[in-house]
Amino acid sequence: MSLVRVQHISVSLDGFATGEGRSLDAPFGHAGERLHDWMFATRWGRGMLGRPGGTGGVDDAFLRLFTSGIGAEIMGAGKFGYPGWHKDPEWKGPWGPNPPFHTPVFVLTHHPRPSIEMEGGTTFHFIDASPAEALETAREAAGGQDVRIGGGPTMIRGFLAAGLVDHMHIVVVPILLGRGVRLWDGLEGLEKDYEIETTSSPSGVTHLMFTRTGL
Ligand SMILES: NC(=O)c1ccc[n+]([C@@H]2O[C@H](COP(=O)([O-])OP(=O)(O)OC[C@H]3O[C@@H](n4cnc5c(N)ncnc54)[C@H](OP(=O)(O)O)[C@@H]3O)[C@@H](O)[C@H]2O)c1
């Protein structure tokens, strides 16, 4: 059976995965780039931006798992676009013509629209479905490979609450955001269902790997 994986979701020390006051120009609101500075310091992260250089240590090694074995992604409407994107018929996400997914991507939304085929193998499909229904659809599209639960925090919470996540990589960033959207609300005791490994990086972030008990 293919696995359901959450990959390198960055959260602040106080548990926020995005900030407040998001807009077209500020996809993470008042958090700015602070949740992802660690990522864009790596070779992998800089490569995503078409830039040379970057660190090649533990953060880079974790990031390189991103595409490995993944056949489809499910993401929330809040990751696909800024608040109000569904009123813009031309909106194709913030990643440009060749998004970094290279697989089918299922966008959970109450405002479905026709699928959009992008360069490089990414096709966005828009579905109004429960987490379990969306997973069934994504699994079919993934052709036996794993399904990435791409975020943001609201949709990840839904998949965790439904007990659907097998592996989860969370990156705790040593900043305090104070406001935004929290990842952990309503998930009291979640750790009981997982074995958890922790790796501290010299960059200052902490990688938490959750593996469902008994997998
Ligand atoms: N820290 C990280 O590593 C990381 C990673 C990814 C994203 N992010 C950030 O997280 C933010 C987005 O997160 P978010 O929590 O606000 O939103 P989200 O989880 O991306 O999406 C939530 C929205 O998706 C739609 N939705 C969710 N479940 C659905 C269902 N079962 N059926 C139909 N529609 C459903 C609803 O939108 P509608 O009702 O409007 O359709 C809902 O408000 C962005 O700032 C993004 O940049 C951070």
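In the predicted model, glutamate 73 has a relative accessible area of 0% and is therefore buried. Arginine 148 has a relative accessibility of 2% and so counts as buried.

By the rule applied here, the count of salt bridges comes to seven. One of them connects aspartate 146 and arginine 5, where the closest N and O atoms are 2.9 Å apart. Aspartate 146 lies in strand β7 (residues 146–149) and arginine 5 in strand β1, so this pair ties together parts that are 141 residues apart in sequence. Both aspartate 146 and arginine 5 are buried.

A further salt bridge is formed by glutamate 20 and arginine 179, with a closest N to O separation of 3.3 Å. Glutamate 20 is in the loop between β2 (16–18) and α1 (37–40), and arginine 179 is in the loop between β8 (167–173) and β9 (181–182), so parts 159 residues apart in sequence are tied together. Glutamate 20 counts as partly exposed because its relative accessibility is 43%; arginine 179, at 39%, also counts as partly exposed.

Strand β1 (residues 4–12) also contains histidine 8. Histidine 8 counts as buried because its relative accessibility is 10%, under the 20% cut-off. Leaving aside residues up to four places away in sequence, histidine 8 touches Trp38, Met39, Trp44, Leu63, Phe66, His169 and Val171.

Technical notes. Residues are numbered from 1 along each chain as its sequence is written. This is a predicted model: local features need pLDDT of at least 70, side-chain atom pairs count only at pLDDT 80 or more; totals for chains, interfaces and linings use all residues. Side-chain values use heavy atoms; hydrogens and water are left out. Helices (H or I, at least four residues) and strands (E, at least two) are DSSP runs, numbered from the N terminus. Buried means under 20% relative accessible area, exposed over 50%, partly exposed in between (1.4 Å probe, protein chains only). Contact means heavy atoms within 4.5 Å. A salt bridge is a side-chain nitrogen of Lys or Arg within 4 Å of a carboxyl oxygen of Asp or Glu.
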